[in-house]
Amino acid sequence: MKTKVGVFFGGRSTEHEISVISANQAINALDADQYEIVPVYITKEGKWFSGEALLKLEEYKNIPQLLSKCEPVYMKAIYGDFKLYSEKRKGFLKKEVVIASLDVVIPVLHGSNGEDGTFQGVMESIGIPYVGCDVLSSANGMDKIYMKMILKANDIPVVPYYWFTVKNWIKNENIILDEIEKNIGYPVIVKPANLGSSVGIGRAIDRKALKEKITDASKYSSRIIVEHMIEDLQEINCSVLGDCDDYMTSVLEEPIKSGEILSYEDKYMGGSKGAKGMQASLKRIPADLPEDVTKTIQKYAGLTFSVLSCSGVSRVDLIIDRTNNNIYVNEINTIPGSLSFYLWEATGISFTELMNRLVRIAISRKREHDSKIVSYDQNIFNMGSFSGKNSMKSTKLK
């Protein structure tokens, strides 16, 4: 029998459309002889739909029309229930219908409410195997502040940074500006703490510009990070595949940016005709670097993946300071655009084989989790100390 795979995409995210493209690429790469694919599209309002029409990218030009060809679906937060449900109406009555019984889930949800651990938490509560990072590694990988804290604590180089909440910014604007100027200095990069795809990111060279960029970033996140900007830089990306104990790194790529910052348009709209998603961005593969620099970057990428306890496939973005050749980890994308398949193809692993490996890693992790103790068979309420109406007052609980 074929493995029934639910591919979830879209979502309540600024990267919604890119998620649709990445999922379409992943679905087309899955081996139809091994897998039965069930597409699940999450709208920008957070509603779930399934249907064959979701497999055609051209259908997304008119979302209302697309959804009219699909049916609303849901899963129940019941551990062990891997079914995808829908409701059929007959007159005034509704009848619950099973659309599919899934074996594994592949989240292709970029950005907020998908890549940040929220969706993974739903899958954990159901207990179904799912591809990619778990709740903790997804959350830490998505949050630029916590990610840098963890990397710095593990001696993985990151550029100097300063972070604060938007509420603190409103109360202490001048104090924060003084601290940034004192500890980092200009130029700086301002970023929302938990968004990807260069959304809300801006460069500042003086106090006025810094205030403007912080105000803009505040529209997207309640926490802001300001980083030292390396002016003469070279951006290099490396993908990592496996889990935190057993992983491999890909060849490197150098994204080509049109301005000072690699923009949303550079990433998704700047490439060859007909290409879509991260595959479409202008890039050099492999990056033209000395062998020792390549190995150092691959080492830092692998260590980043490992210390964050990642699983599946990620892309680590790094920076080379051309003035002194220092290398810094910039960020990790735990559900990278196009699942970084183009980097693995350049490394010698086909997109189809990449998807096979991701499914195997997910199932293996589920088996490992199932071998752990999560509860005891004892019922403490049957113990003598819990008898009597005042027992809860006198019993000390830890």
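A residue counts as partly exposed when its relative accessible area falls between the buried limit, under 20%, and the exposed limit, over 50%. M149 has 33% relative accessibility, so M149 is partly exposed. This structure is a predicted model.

**Helix 12**
- Helix 12 runs through residues 351-370 and has 20 residues.
- From first C-alpha to last, helix 12 reaches 29 Å, close to the expected 28 Å.
- Its buried residues are F351, L354, M355, N356, L358, V359, I361, A362, R365 and K366.
- The cover over these buried residues includes helix 1 (16-29) and helix 11 (341-347).

**Nonpolar cores**
- The largest nonpolar core has 38 residues.
- V7, I106, L354 and M355 have the most contacts inside this core.
- At least two residues of this core come from each of strand 1 (3-10), helix 1, strand 2, helix 2 (63-68), strand 7, helix 11 and helix 12.
- Helix 12 gives the most to this core, with 7 residues.
- Beyond its neighbours within four places in sequence, L354 is in contact with L241, V313, L339, F341, W344 and I349.
- Another core, of 27 residues, lies apart from the largest one. Among its residues are L151, A301, F305 and L308.

**Surface patch**
- M149 lies in helix 5, residues 144-153.
- Y146, M149 and W163 form a nonpolar patch on the surface.
- Together, these three residues have about 270 Å² of accessible area.

Methods. Residues are numbered from 1 along each chain as its sequence is written. This is a predicted model: local features need pLDDT of at least 70, side-chain atom pairs count only at pLDDT 80 or more; totals for chains, interfaces and linings use all residues. Side-chain values use heavy atoms; hydrogens and water are left out. Helices (H or I, at least four residues) and strands (E, at least two) are DSSP runs, numbered from the N terminus. The expected span of a helix is 1.5 Å times one less than its number of residues. Buried means under 20% relative accessible area, exposed over 50%, partly exposed in between (1.4 Å probe, protein chains only). Contact means heavy atoms within 4.5 Å. A nonpolar core is a set of buried Ala, Val, Leu, Ile, Met, Phe, Trp, Tyr and Cys residues joined through side-chain atoms within 4.5 Å. Patches are made of residues with over 30% relative accessible area and no salt bridge: like charges are joined within 9 Å, nonpolar side chains (Val, Leu, Ile, Met, Phe, Trp, Tyr) within 5 Å. Accessible areas come from the Shrake-Rupley method with a 1.4 Å probe; for residues, only the protein chains shown count as cover. A salt bridge is a side-chain nitrogen of Lys or Arg within 4 Å of a carboxyl oxygen of Asp or Glu.
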